[in-house]
Amino acid sequence: MKTLCKMKDIIKALATFEERFEKTHQISLNEALLLCVLHESEKEMTPTNLAKSTDLSTSHTSKVIRILEEKKLIQRKLGHVDRRLMYFHLTEQGDRVVAHLQIEETMIPELLSPLFK
């Protein structure tokens, strides 16, 4: 039972972190994860690549992509060889958000802080 109670505390700490993060940056953690993957990628990223890199389902990845496009943080480009493929990259505004995320620190809940040292 102790393990289960500890898991409850971890889930609560993660929820607190996500809430603070979203208030501070006006984007969700999943949106930030996708931006980070695009920022760190050395190759063009398809929706399938993004889903695998973030461990999000393909349907959830599509939703996050749509939201980031609406916020003008990412942009799609059609493939040169196969025009059915879509590739995504950060916009200038997306680059600025990622730069801000690297500078700005969100308060890490005490329970999770040992993981970031």
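The model is predicted: local features need pLDDT of at least 70 and side-chain atom pairs count only at pLDDT 80 or more, while totals for chains, interfaces and linings use all residues. Residues are numbered from 1 along each chain as its sequence is written, and side-chain values use heavy atoms, with hydrogens and water left out.

S28 sits in the loop between α1 and α2; helices (H or I, at least four residues) and strands (E, at least two) are DSSP runs, numbered from the N terminus. At a relative accessible area of 14%, S28 is buried. Here buried means under 20% relative accessible area, exposed over 50%, and partly exposed in between (1.4 Å probe, protein chains only). Neighbours within four places in sequence aside, S28 is in contact with F21 and E22, where contact means heavy atoms within 4.5 Å.

## The nonpolar core

The largest nonpolar core has 20 residues. Such a core is a set of buried Ala, Val, Leu, Ile, Met, Phe, Trp, Tyr and Cys residues joined through side-chain atoms within 4.5 Å. I27, L34, L35, L38, L50, L68 and I74 have the most contacts inside this core. Two or more residues each come from α1 (2-25), α2 (29-40), α4 (58-70), β2 (86-90) and α5 (92-103), and the largest share, five residues, is that of α2.

L35 illustrates the packing. Leaving aside neighbours within four places in sequence, L35 is in contact with I27, L68, L73, I74, L90, V97 and V98.

## Helix α4

α4 has 13 residues and reaches 18 Å from its first C-alpha to its last, close to the 18 Å expected at 1.5 Å a residue; the expected span is 1.5 Å times one less than the number of residues. T61, V64, I65 and L68 are buried in α4. Down the axis of α4, these buried residues fall within an arc of 105°, so they line one face of the helix. The arc is that of the directions from the helix axis to the C-beta atoms. An α-helix has 3.6 residues a turn, so residues three or four places apart point the same way.

The cover over the buried residues of α4 includes α2, α3 (47-54), β1 (74-78) and β2. The face turned away from the buried side of α4 carries the exposed residues S59 and E70. K72 follows α4 and has a positive phi, near 60°.

In α3, the buried residues are L50, A51 and T54. They fall within an arc of 100° seen down the axis of α3, so they line one face of the helix. These buried residues pack against α2, α4 and β2. Just after α3, D55 takes a positive phi of about 60°.

T46 lies in the loop between α2 and α3 and is buried, with a relative accessible area of 12%. Not counting residues up to four places away in sequence, T46 touches M86 and Y87.

## Cysteines

The structure holds zero disulfides, a disulfide being a pair of cysteine sulfur atoms within 2.5 Å. C5 is partly exposed at 37% relative accessible area, and C36 is partly exposed at 31%.
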